[in-house]
Amino acid sequence: MILKKKYNIKVDIIPLDLSSIDATKKLISILGDTNINIVINNAGIGDYGKFVENDIDKIVSMINLNITTLTQITHHFAKVMSKNGGGKILNVASTASFQPVPTFAVYSATKAYVLSFSEAINYELKDSGVQVCALCPGPTATNFDKVANATDVAHLSKGAMSSQDVAKAGIRQLQNNDMTYVVGFKNRLLAFASSINPFRKLTLTISANIMK
Ligand SMILES: NC(=O)c1ccc[n+]([C@@H]2O[C@H](COP(=O)([O-])OP(=O)(O)OC[C@H]3O[C@@H](n4cnc5c(N)ncnc54)[C@H](OP(=O)(O)O)[C@@H]3O)[C@@H](O)[C@H]2O)c1
């Protein structure tokens, strides 16, 4: 409603549970081969806590949403965009993509997937006019912590960026055709440090301590 009023544009909303296994099929049956210029795979959830103590159904649902649906949507639209001469897909990853995160074990693994997958297919598609970007925000003030049962992890929300700033960074990233973009200077430093550190056990220990 806000978008419609403010920018005088047409907005169609298709309500779907994207964690359900047939969600993408439903979406494709509605949109078909419609030529879409920009796809943003933003929907995602986290699940805070020790892996063995967390609910396996929520874990599977998170994997379906963060990985399976994102992959299916990317597959369909990258194909359509290739056929039509180009387009852009923005997959929302995370700073959690850069290292394992104890107490966010499955979530960080799903985001490592999003980053690795997006970069690999961006390369595969380089001559097709289709750009696949991975946006990596750090802590952002949204509903994420509540849904992930992580409201007790106080430092996650401390210094969190606003969702507006993260969204603007994502739009700039698409305009600049940046394959991967980590939002925020401090987050870029941390992601860089994790990427170049050859001592995985040290990375893991630091990551575990940050979550305490
Ligand atoms: N917040 C952070 O600190 C942070 C940091 C790094 C990356 N991220 C990533 O940023 C993305 C957006 O999360 P957020 O921070 O904005 O959290 P959020 O406020 O909880 O928003 C999550 C979004 O995903 C949608 N969604 C969740 N489950 C869904 C389902 N089963 N089917 C369809 N849509 C579903 C929600 O739709 P409804 O509103 O309709 O429920 C909402 O639009 C996620 O991919 C998250 O992993 C967040």
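This is a predicted model: local features need pLDDT of at least 70, side-chain atom pairs count only at pLDDT 80 or more; totals for chains, interfaces and linings use all residues.
User: How are two packed helices described?

Analyst: Two packed helices are described by the angle between their axes and the distance between the axes. Here, the axes of H2 (residues 23-31) and H3 (residues 56-83) come within 10 Å and cross at roughly 30°. Angles under 35 degrees count as roughly parallel, so H2 is roughly parallel to H3. The crossing of H2 and H3 is right-handed.

User: At what angle do H3 and H4 pack?

Analyst: H3 and H4 (residues 105-124) pack at about 10°, and their axes are 10 Å apart. These two helices are therefore roughly parallel to each other. Among the contact residues are Ile59, Ile63 and Leu70 of H3, with Val106, Tyr113 and Phe117 of H4. The contact of H3 with H4 divides into 11 nonpolar, four polar and one charged residue.

User: Where is the kink in H3 centred?

Analyst: Look at Asn64, where a kink of about 35° is centred. With its 28 residues, H3 reaches 39 Å from first C-alpha to last, close to the 40 Å expected at 1.5 Å a residue.

User: And what follows H3?

Analyst: Gly85 follows H3, and the phi of Gly85 is positive, near 95°.

Methods:
Residues are numbered from 1 along each chain as its sequence is written. Side-chain values use heavy atoms; hydrogens and water are left out. Axes are lines fitted to C-alpha atoms, for helices over the stretch in contact, and angles run from 0 to 180 degrees between N-to-C directions. Helices (H or I, at least four residues) and strands (E, at least two) are DSSP runs, numbered from the N terminus. Angles under 35 degrees count as roughly parallel, over 145 as roughly antiparallel, 65 to 115 as roughly perpendicular and the rest as oblique. A crossing is left-handed if the near helix is turned anticlockwise from the far one by less than a right angle, and right-handed if clockwise. The expected span of a helix is 1.5 Å times one less than its number of residues. The bend at a residue is the angle between axes fitted to the seven residues ending there and the seven starting there. Contact means heavy atoms within 4.5 Å. Ala, Val, Leu, Ile, Met, Phe, Trp, Tyr, Cys and Pro count as nonpolar, Asp, Glu, Lys and Arg as charged, and the others, Gly among them, as polar.
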